Amino acid sequence: MARKFLGREMNPLTKRRLKNFKANKRGYWSLWMFLALFTISLFAELVANDRPIFVRYEGKNYFPALVVYPETEFGGDFVTATDYRDPFIAQKLNERGAVYWPLIRYSYGTIDFELKEPAPSRPSREHWFGTDDHGRDVAARLIYGFRISVLFGLILAGLGSAAGIAIGAIQGYFGGLVDLLGQRAIEIWSGFPMLYLLIIFSSIIEPSFWMLLGIMLLFGWMSLVGVVRAEFLRGRKLDYVIAARALGASEFSIIAKHVLPNAMISTLTFLPFVISGSIVTLTSLDFLGFGLPPGSPSLGELLSQGKANLAAPWLGISGFVTLGTMLSLLVFIGEAVRDAFDPRKAF
């Protein structure tokens with residue numbers, strides 16, 4: 001029985017591409033490793049949290065990791081959020097119910113005030129990768145930082161690629177004056193110093209995830225314009241495009257149905273590298289202090305702490321290994337995607 005994809009039988013070209021992708025063992029297993037790590041980070045609240053995953057108290061079920069409950073729900077006196085580490089609350093929960101904690105009992109911003117040595121403290125049974133110079137668990141910050149970095153890279157690469165593909169398609173398909181003016185505009189726009197703009201905006205308003213994303217999106221769309229433009233310049237003169245135009249097909253229909261699918265092949269091979277570049281940019285900004293707000297889980301901020309605390313090598317090593325592993329997996333996946341779409345590799 002032929003394999004099916006989304007309920008449809010795969011065509012021979014798709015089968016060949018999948019075989020070529022799987023033939024690159026390093027890229028194939030890197031994809032599964034990356035998906036596993038990313039899936040774990042998506043459920044970071046269930047892996048590393050200073051609130052229990054599940055609480056059963058006086059016959060009622062609670063999910064503190066997902067819902068904030070007031071202290072009065074568990075016999076406390078205040079309507080503020082429950083501190084499950086409070087000895088009084090912990091005693092109440094243990095006497096009248098059961099508490100199920102995540103694997104790591106610290107969130108990315110939780111400060112351990114009961115450290116046995118000054119922060120940053122060394123790795124221990126309580127803190128697997130030690131704590132940073134604020135007493136926060138490094139393992140928890142790595143998990144949350146991994147999620148923010150990947151989501152930032154995916155969103156920036158997705159939106160930037162969509163804009164770059166659209167602009168490159170218009171330039172390449174219509175050519176002439178449209179292409180000439182578009183290239184001059186890109187040359188001028190690429191000359192703006194993005195880092196200086198970020199410094200200026202950071203001094204005016206507090207930086208946030210979406211502000212950084214918006215500013216970097218203003219410049220990140222240019223990475224794929226050249227590739228798509230070249231593919232459209234080549235494809236617009238092919239026979240089947242000329243035939244479609246002679247048959248009365250609209251310009252939009254020709255772009256979307258005839259030229260764009262072929263241009264997307266080269267674009268997809270660049271996408272993992274665009275994602276890794278977006279992650280490196282965010283990490284660099286955090287390292288320099290112009291990235292996410294202070295206290296946010298950030299790999300760049302952890303690397304900066306490692307530079308400032310050379311006597312605590314676990315900070316720099318853990319951040320470097322996490323970032324290096326993430327980028328290496330993305331590069332290996334990109335190589336496998338490139339092999340999958342390479343027409344010379346007839347498996």
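A crossing of two helices is left-handed if the near helix is turned anticlockwise from the far one by less than a right angle, and right-handed if clockwise. By that rule, helices H11 and H12 cross in the left-handed sense. The model is predicted, so local features need pLDDT of at least 70 and side-chain atom pairs count only at pLDDT 80 or more, while totals for chains, interfaces and linings use all residues. Residues are numbered from 1 along each chain as its sequence is written, and side-chain values use heavy atoms, with hydrogens and water left out.

**Helices H11 and H12**

- Helices (H or I, at least four residues) and strands (E, at least two) are DSSP runs, numbered from the N terminus.
- The H11 and H12 axes come within 7 Å and cross at roughly 145 degrees; axes are lines fitted to C-alpha atoms, for helices over the stretch in contact, and angles run from 0 to 180 degrees between N-to-C directions.
- On the H11 side, the residues in contact (heavy atoms within 4.5 Å) include Leu-299, Leu-302 and Gln-305, and their partners in H12 include Leu-315, Phe-320 and Met-326.
- The residues of this contact divide into 7 nonpolar, 6 polar and no charged; Ala, Val, Leu, Ile, Met, Phe, Trp, Tyr, Cys and Pro count as nonpolar, Asp, Glu, Lys and Arg as charged, and the others, Gly among them, as polar.

**Nonpolar cores**

- A nonpolar core is a set of buried Ala, Val, Leu, Ile, Met, Phe, Trp, Tyr and Cys residues joined through side-chain atoms within 4.5 Å.
- The largest such core has 26 residues, and Phe-34, Phe-146, Val-150, Ile-279, Leu-315 and Met-326 have the most contacts inside it.
- Two or more residues each come from H2, H4 (138-174), H10 (251-288), H11 (299-308) and H12 (313-340).
- H12 gives the largest share, 11 residues.
- A second, separate core of 12 residues includes Leu-156, Leu-213, Leu-282 and Leu-285.
- Leaving aside neighbours within four places in sequence, Phe-34 is in contact with residues including Phe-146, Met-326 and Ile-333.

- Ser-30 is in helix H2 (residues 25-42).
- Ser-30 counts as buried because its relative accessibility is 4%; buried means under 20% relative accessible area, exposed over 50%, partly exposed in between (1.4 Å probe, protein chains only).
- The Ser-30 side chain reaches the backbone oxygen of Arg-26 at 2.5 Å.
- Not counting residues up to four places away in sequence, Ser-30 touches Leu-329, Phe-332 and Ile-333.
- Asp-86 lies in the loop between strand E4 (60-62) and helix H3 (87-96), and is partly exposed at 29% relative accessible area.

Methods
A polar contact is a pair of N or O atoms within 3.5 Å; within protein, one must be able to donate a hydrogen and the other to accept it, and residues adjacent in sequence count only if both atoms are side-chain atoms.
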